[in-house]
Amino acid sequence: MNARKRQETSSGPGPGPGPGPARRRFLGLCAGVGLGAAAACEQLAPAHRSAAPDARLPEAERDRPGTADWRIGSLGAPEAIAGYAERVSVTPGEEFGLSVSTTAAAFRVSALRVGWYGGKQARRVWFSPRIPGRAQRSPGILSGTRTVHADWPRTLAVDTTGWPEGAYLLRLEAESGHQRYVPLIVRSTHGAGRTVLLHAPATWQAYNRWGGLSLYAGSDGSYASRSLAVTFDRPYDQSGAEKFLVYEWAAVVLAERLGIPLAYTTGTDVHTDPGVLAGATAVVCLGHDEYWTPEQRRHVTAARDAGTNIAFLGANTCFRRIRVEASDSGPGRTVVCYKSSYTADPCFPARPALVTTDFRAAPGADPESSLTGVLYEGYPVDAPYVVTAPDHWLYQGTGVRAGEGFDHLVGVEYDRVLPGTATPGPLEITAHSPVVCNGRRSHCDSAYYTVAGGAGVFASGTMRWVEALMAATGDGSRHHGMDAGARAFVTRTTENLLRAFAEGPAGRHRPAPRPNAGQVYGTASA
């Protein structure tokens, strides 16, 4: 793997998928609002089942009027306006602080909740009064780990009373006309009977170059001068929410359009408290979720073993082992990952399982494939996605044929099944796509497996899966040449996946995997 990985980005999201079929809310409402089952079901007595869903739940938001004006009109220079939240996530009703720097005389903030909303894809749930602007001080750097931190004072406090659970873009709106986002998850505390969307702020932060450094490069652009730890106590670069918009936004819109019971959380929250996973029908890891703590991985694995389905809608998932530590502003604000410099990690060599390098690497080797079913192999690639099992239930209704390919759907990073490694079973490879990566021939695989507890696990194997949901939509975004056929295929497959996983352990109500790694790769031991 290259020491430094360039990341493809899209200039913004396009229109969401079309309308879906009728939704089922009963299970989510009985199990997902934090009430006892009897009390919840009493609220849904037969005479009242046609009433509007509980406003506290995400599915109640699906058909509310949306806000067409939610995108950024003009970024301006980086100093025009930028900010960050004191919390990665909050529960509904919790207060959080925003720290904002702007060269404008004043600014406002709009809280935009991402969802279907009749195709408008967001709704403004709150907006601030006019707030005097101020240019904040330049960032500092912690010399030991080369950590950039803004540490600006709080500009305003925001009360989230009445905000539904979900993924939010806080749009900072300077009077100069320039705008930037601050991402925030209003997380769920209960996920029983619901599909949990797992957002990846640790990965967003790893690639964040605000202030000149990230976990990939230092201010001189070199890998050697990169940060060894990064903090949430600074804005994100570019639009302020680039990784969310490219790798997560379209999947949120699709899931809300389907109307399945949903819950929202982040990897850093699951690290601390896995309670939202208890009784969940599914956990969905989105397009790029590379950086995990050992605790997060252990909690997601335990949920799988208890019957919760898992979907990995990207590649390179759970590749880096990290620690989440406190900063001067509070707990959980620092992401630590020494990578190839792991011998400088304070946990080396005494605590090998906490040393921050690749999960598959020494000193605490634990390949990610024992959870995902696939292994990250390389970057960069651009190749067609080739289906090998067109009769698999995942592809029902797509019309796909064996050997049919969808151009550019495999990229920019990819995973594969590697026979002989720690891979759960029974496992079926559903797509087997030839790739050439840095001159070496290999394959990208989509795979599906089940475990004894009934859970099904699907891994797309390509980082462009979520991006394909908005390919060729005419919004001017860069979707790597993927066309409307790729969008239709990925959309229908993802709909099949989410609907099936929302019904409970897929191993109990969908056809079993047909183990074929040995046949596909020509190895008797696979």
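Predicted model: local features only at pLDDT ≥ 70, side-chain atom pairs only at ≥ 80, totals over all residues.
A contact means heavy atoms within 4.5 Å. Residues are numbered from 1 along each chain as its sequence is written, and side-chain values use heavy atoms, with hydrogens and water left out.

**Figure 1. Overview of the protein chain.** The chain holds 11 helices and 25 strands, which are DSSP runs numbered from the N terminus (helices H or I with at least four residues, strands E with at least two). Of its 526 residues, 60% are buried, a word used for a relative accessible area under 20%, with exposed meaning over 50% and partly exposed in between (1.4 Å probe, protein chains only). Among the contacts with a separation of 6 or more, 74% are between residues 24 or more positions apart. The mean pLDDT of the chain is 89, and 88% of the residues reach 70 or more. Residues 1-53, however, have a pLDDT below 50, and this stretch has 133 contacts in the model beyond near neighbours in sequence.

**Figure 2. The loop around Glu 79.** Glu 79 is placed in the loop between helix 2 (37-42) and strand 1 (81-85). Although Glu 79 and Ser 101 are 22 residues apart along the chain, their C-alpha atoms are separated by 7.3 Å. When residues up to four places away in sequence are not counted, Glu 79 touches Ser 101, Thr 102 and Thr 103.

Figure 3. A nonpolar core is a set of buried Ala, Val, Leu, Ile, Met, Phe, Trp, Tyr and Cys residues joined through side-chain atoms within 4.5 Å. The largest one has 79 residues, and those with the most contacts inside it are Phe 244, Trp 249, Tyr 291, Tyr 385, Phe 489 and Phe 501. A second, separate core has 29 residues, including Cys 285, Ala 303, Val 417 and Val 451. One aromatic cluster is formed by Phe 489 together with Tyr 385, Tyr 395, Phe 406, Phe 458 and Trp 465.

**Figure 4. Helix 5 and the elements that pack against it.** Helix 5 (residues 249-258) is mostly covered, with 10 of its 10 residues buried. Among these buried residues are Trp 249 and Leu 258, and also Glu 256 and Arg 257. The buried residues of helix 5 pack against strand 4 (106-114), strand 12 (195-199), helix 4 (242-247), strand 14 (262-266), helix 9 (465-468) and helix 10 (484-502). Helix 5 is followed by Gly 259, which has a positive phi, near 75°.

**Figure 5. Aromatic rings around Tyr 207.** Rings of Phe, Tyr and Trp (its six-membered ring) pair if their centres lie within 6.5 Å, and planes under 30 degrees apart count as stacked, over 60 as edge-to-face and the rest as tilted. By this rule there are 21 aromatic pairs. Tyr 207 and Tyr 216 have ring centres 4.2 Å apart and planes at 20°, and therefore the pair is stacked. Tyr 207 counts as buried because its relative accessibility is 8%, and Tyr 216 counts as buried at 4%. Tyr 207 also forms an edge-to-face pair with Tyr 291, at 6.5 Å centre to centre and with 90° between the planes. Because Tyr 207 lies in helix 3 (residues 201-207) and Tyr 291 in strand 16 (residues 291-292), this pair ties together parts that are 84 residues apart in sequence. Tyr 291 is buried as well, with a relative accessible area of 1%.

**Figure 6. Pairing between strands.** Two strands pair if DSSP finds at least two bridges between them. An open sheet is formed by 3 strands in the order 13-20-19, with antiparallel pairing. Strand 13 (229-231) and strand 19 (323-327) are the edge strands, each pairing on one side only. Strand 19 pairs with strand 20 (residues 330-336) in the antiparallel sense over 4 bridges, and Ser 327 stands opposite Gly 330 in strand 20. Elsewhere, strand 21 (residues 375-386) is mostly covered, 9 of its 12 residues being buried. Strand 21 is joined by 8 bridges to strand 22 (residues 405-416), and the two run antiparallel. The bridge partner of Leu 375 in strand 22 is Arg 416.

Terms used:
pLDDT = per-residue confidence, 0-100.
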